[in-house]
Amino acid sequence: MVENEKDLNERDLAKEAEEKSALSEEEILSQEETAEAEPETDELSEAREKIASLESQVEESESKLLRVQADFENYKRRARMDAESAQKYRAQNLISEILPALDNFDRALKVEASDEQTKSILQGMEMVHRQLVQALKSEGVEEIETVGKTFDPHLHQAVMQGEEEGFEPNTVIEEFQKGYKLKDRVIRPSMVKVSQ
């Protein structure tokens with residue numbers, strides 16, 4: 001029995017030694033895991049910082065891209081509008097230079113012809129005048145209506161004021177020089193006399 005007790009004691013001691021060694025291995029592993037976890041935590045936080053930095057750079061780049069796209073769309077719209085405007089009013093300078101000649105035609109046509117030769121010349125001038133007016137109309141030029149109309153400072157240039165029976169105040173009484181519009185733009189306002 002003593003031997004059995006001795007065997008039992010030895011077994012108990014061996015078990016305890018195994019348990020101690022198992023515990024010490026677990027402690028060693030736990031210490032190693034803790035030691036490994038600290039560097040992982042540092043690496044993890046560095047990776048998270050890098051991800052956050054990259055995400056902010058991506059957001060900034062997307063924001064810049066959207067602004068550039070918006071600016072480009074605005075540029076295209078302005079360029080299209082400028083091109084349409086240039087096409088619409090392409091003849092404005094030429095028309096502005098032709099208007100004084102048209103005024104001179106109007107003045108010349110008011111002359112009364114006394115003989116056949118003058119009548120013939122006036123008839124030829126009327127034909128040229130009609131063709132010139134027709135050519136201007138085909139480009140979108142139209143005369144601004146004046147006499148009897150309400151004075152509009154966008155269309156009329158008042159050079160005189162006077163009282164005249166039959167006209168309400170602020171009404172155009174007389175036209176001194178014709179005004180013209182090209183489509184919806186005033187090329188030259190009419191010079192007029194306005195009632196008080």
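A pocket here is an open set of grid points with protein on both sides within 12 Å along at least five of seven lines, and its lining residues have an atom within 4 Å of a point. Keep that in mind for this predicted model.

**Exercise 1.** Work out which residues line the largest pocket, and which classes they belong to.

*Solution.* 
Step 1: Start with the volume, which is about 190 Å³ for the largest pocket.
Step 2: Collect the lining: Asp103, Asp106, Arg107, Lys110, Glu175, Phe176, Gln177 and Lys178.
Step 3: Sort them by class, and you get 6 charged residues, 1 polar and 1 nonpolar.

**Exercise 2.** Find the members of the largest nonpolar core, then say which element gives the most to it.

*Solution.* 
Step 1: List the 10 residues: Tyr89, Ala91, Ile95, Leu99, Leu102, Leu136, Val141, Tyr180, Leu182 and Ile187.
Step 2: Look at the elements behind this core: α2 and β4 (180-182) each supply at least two residues, and α2 gives the most, with 3.
Step 3: Zoom in on Val141. Skipping neighbours within four places in sequence, Val141 touches Ile95, Leu136, Tyr180, Lys181 and Leu182.

**Exercise 3.** Describe the chain as a whole: its element order and its burial.

*Solution.* 
Step 1: Count 3 helices and 6 strands.
Step 2: Read them in sequence order, giving α-α-α-β-β-β-β-β-β.
Step 3: Check burial, taking under 20% relative accessible area as the cut-off; 15% of the 196 residues qualify.

How values were computed:
Residues numbered from 1 in each chain as written. Predicted model: local features only at pLDDT ≥ 70, side-chain atom pairs only at ≥ 80, totals over all residues. Heavy atoms only, no water. 1 Å grid on protein atoms, 1.4 Å probe; cavity = no way out; pocket = protein on both sides within 12 Å on 5 of 7 lines; lining within 4 Å. Points joined across faces, edges and corners; volume = space filled by probe spheres on them. Nonpolar A, V, L, I, M, F, W, Y, C, P; charged D, E, K, R; others polar. Core = buried A, V, L, I, M, F, W, Y, C linked by side-chain atoms within 4.5 Å. Buried < 20%, exposed > 50% of the residue type's maximum accessible area, 1.4 Å probe, protein only. Helix = DSSP H or I, 4+ residues; strand = E, 2+ residues; numbered from the N terminus. Contact = heavy atoms within 4.5 Å.
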